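Please consult the sequence and structure while reading.

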Amino acid sequence: EFEFNLCQSAADVSAIEAHRLLGEASCAGIVTVISQGRYRFSHALIREAVYDQLDLSSRLRIHGRIATRMEEVYRDETDPHLAELAHHFREAGLTEKAIDYSIRAGQAAVSVVALADAMVHWQAALELMEERGTNAEQRARLLRGLGRVAFEVDPAKSINYRESAIA
């Protein structure tokens, strides 16, 4: 799903042009209108086919634009958008922000007892930290949190995370 204003801004086209293009995509059955100013691809396979047509450079640029624009638009209320921000910064290759938003998205998930979601976000942050060579203390704190959360979801993983945190 996506919002018109965010899409138009990230595409860097006029509102008139964005409405025209989304109208064409809607008539072709590529996107459907969900509500005023909100759209989605009509099927996951269509979204995947469109995405697959983009080269890596275009993907990085688009995700970067979306992430940056989301930060601007939701500056005062990022919490409901943490997972989306983490995703787009990860896909844009902007590691530092991806780590930050992934950790925050995991914390938000824990606060509503969505432990499996928290694990996904924190595992993504951990992978990026390891790739980037983030200091051991920061990784250990994240591993400790993963161990605590994983205990409810997968006790064996919990032990592995806690042992890694100690190491």
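Q: Which helices are included in what covers the buried residues of α8?
A: In this predicted model, α8 spans residues 136-153. Its buried residues are Leu142, Leu143, Gly145, Leu146, Gly147, Val149 and Ala150. What covers these buried residues includes α6 (95-111), α7 (115-132) and α9 (155-166).

Q: What distance does α8 reach from its first C-alpha to its last?
A: Helix α8 has 18 residues, and at 1.5 Å a residue the expected value is 26 Å.

Q: Which helix gives the most to the lining of the second largest pocket?
A: The second largest pocket has a volume of about 310 Å³ and is lined by 14 residues, with Ile103, Met129, Gln138, Arg141 and Leu142 nearest its centre. At least two lining residues come from each of α6, α7 and α8. The most, 6 residues, come from α8.

Q: How many nonpolar residues are in the lining of the largest pocket?
A: The largest pocket has a volume of about 1300 Å³. Of its 38 lining residues, Phe2, Cys7, Phe41, Ile62 and Ile66 are the closest to its centre. The largest share of the lining, 6 residues, comes from α3. By class, the lining has 11 charged residues, 5 polar and 22 nonpolar.

Conventions. Residues are numbered from 1 along each chain as its sequence is written. This is a predicted model: local features need pLDDT of at least 70, side-chain atom pairs count only at pLDDT 80 or more; totals for chains, interfaces and linings use all residues. Side-chain values use heavy atoms; hydrogens and water are left out. Helices (H or I, at least four residues) and strands (E, at least two) are DSSP runs, numbered from the N terminus. The expected span of a helix is 1.5 Å times one less than its number of residues. Buried means under 20% relative accessible area, exposed over 50%, partly exposed in between (1.4 Å probe, protein chains only). Contact means heavy atoms within 4.5 Å. On a 1 Å grid over the protein atoms alone, a cavity is a set of points where a 1.4 Å probe fits but cannot get out, and a pocket is an open set with protein on both sides within 12 Å along at least five of seven lines; lining residues have an atom within 4 Å of a point. Grid points are joined across faces, edges and corners, and a volume is the space filled by probe spheres set on the points. Ala, Val, Leu, Ile, Met, Phe, Trp, Tyr, Cys and Pro count as nonpolar, Asp, Glu, Lys and Arg as charged, and the others, Gly among them, as polar.
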